[in-house]
Structures are given as structure tokens and as C-alpha cells.
Amino acid sequence: MGLNLYGLKRRELVEQLHRLGIKDKNVLKALNTVKRELFVGEEFKRFAYDNNALPISSNQTISQPYTIAFMTELLAVKKGDSILEVGTGSGYQAAILCEMDADVYSVERLEELSVQAKALLDKLNYKVKIKCDDGSMGWKEYSPFDGIIVTAGSPKVPKSLTDQLNINGRLVIPVGDRSSQRLIHVRKVKTKDNKIKLLKDQYKDFRFVPLLGEEGW
Ligand code: SAM
């Protein structure tokens, strides 16, 4: 498939996401910029701009574009925000966050994926700090974060992650059982009497691969 055709399909996908209710112009712009075909294997490139999750190495998936757009919109990323991603996978979501001018940190538990994603993001000149580890515990060294996005389904909201949020920081995480999860948005706020509170909202149901690890499954 020629480069122009990918560009055309990318634009059509972004228009579809807009029709599906994604409003944040920066999210749409980032999705219209990052070349999703580079983050999947040769045999899946022609499906790169279908609104579907696709297989990547190590039996994992690159999430559906609508899911990525919906979660990124909820994360309310501002230029210069420090964002932690749990579940690097292919590196695509990290590239989207870089395009939104965030400082991006990403943790992946599977070495094969972590190494591949790092090599690809480096090659594309996306400056992401990546480590191979259990991301259910966050990344304390670089905390607190303005935003944390978890791209795997968790049985609960991990305390390590809310602990590593800044005041006014946002956490977006799918929580549920192994077969279906509801998207949870947590915002850490300071009350007038100086108490820290976690405000939780629930959104739609999605289906993610499991978040394994100390504070996951
Ligand atoms: N964000 C990825 C992308 O843009 O391609 C898609 C991520 S995939 C849906 C979920 C990823 O979470 C998998 O690569 C999986 O190995 C990883 N994962 C699961 N549990 C994890 C944990 N405790 N720490 C870090 N990564 C984890």
C-alpha cells in the first residue's frame, strides 16, 4: 500500500473517531500524525486504519483506535505534562502522547515488547523513557505524574498508581473482571481543609488484556 493511501486512510479513521464523539483537537491531530502501520507486523499493515485492536508480538494487542482516543481524551493531556503509561505494548500510545507534547514514561512487563517498542520509538525520534518492569507499581523514581494511563485491565485501582499522581493528576484505568472492564477516571484533588481526595468517575465498558503483577491479576 502506497504512503499516500495510508495517509488517506488515517484521515478517514480520524474523521470516523470524530463522528463517534472524540472532540479533543489535540487527540485527533496526534492520531492523524502517528503512522499506526509502523507499529504492527507486515501482515497487519493493511488493517492499520480499521477501527480494531490488532495482534502484536508476545500474544498482546495494540488497542482499538477509538479506545486509545477515548482514554487519551479523558486523560486531558496538556503540553509539558508528565505522563506515565502502563503497558507499552507496540509503543503506539506512547507516540500519541509524545505528539501531544507530553513527557512520556512507559513501563512494559514483557521484555520482547519493551525492547521492540524502544527501538521503534527511538528510530521515529519519539523521546520516551521506557523500562521493562511491573507497571502495576508505577514508576516511583519519576513520580508524581500529571497523568497515568493503564492500557491493560485491572481487578482494582492500584494504590501505587494513585500515590504517584500529582495534585490535580488524572488516572485512566480499565477495572473489572478478566472478561470485561469499565473505564475508571480518578482525579486527585486537595480540599479546602487541605485533605487529599480521590474523585472517581466511571465510563464505558471495554475489553483489555489483563494487567498482571503485584497490584494487578
Ligand atoms: N499501549 C499499547 C500500545 O499502544 O500498543 C497496547 C498495550 S496492550 C493492550 C497491554 C500491554 O500491557 C501488554 O503489552 C502487556 O504485556 C502489558 N502489561 C500487562 N501487565 C503489565 C504490568 N503489570 N506492567 C506493565 N505492562 C503490563
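**View 1. Thr67 lies in helix H3, residues 65-75.** Helices are DSSP runs of H or I with at least four residues, strands are E runs of at least two, and both are numbered from the N terminus. The model is predicted: local features need pLDDT of at least 70, side-chain atom pairs count only at pLDDT 80 or more, and totals for chains, interfaces and linings use all residues. Residues are numbered from 1 along each chain as its sequence is written, and side-chain values use heavy atoms, without hydrogens and water. Thr67 is buried, at 5% relative accessible area (buried is under 20%, exposed over 50%, partly exposed in between; 1.4 Å probe, protein chains only). Leaving aside neighbours within four places in sequence, Thr67 contacts Phe206 and Phe208 (heavy atoms within 4.5 Å).

**View 2. Ring pairs join Tyr66, Phe70, Tyr203, Phe206 and Phe208 into a cluster.** Rings of Phe, Tyr and Trp (its six-membered ring) pair if their centres lie within 6.5 Å; planes under 30 degrees apart are stacked, over 60 edge-to-face, the rest tilted.

**View 3. The whole structure holds 10 aromatic pairs, among them Phe39 with Tyr92.** Their ring centres are 5.6 Å apart and their planes stand at 75 degrees, so the pair is edge-to-face. It links distant parts of the chain, 53 residues apart. Phe39 is in the loop between helix H2 (25-31) and strand S1 (54-55), Tyr92 in helix H4 (residues 92-99). Phe39 is buried at 5%, and Tyr92 is buried at 1%.

**View 4. The charged end of Arg36 sits over the ring of Tyr92.** It lies 5.8 Å from the ring centre (NZ of Lys or CZ of Arg within 6 Å of the centre and within 35 degrees of the ring normal).
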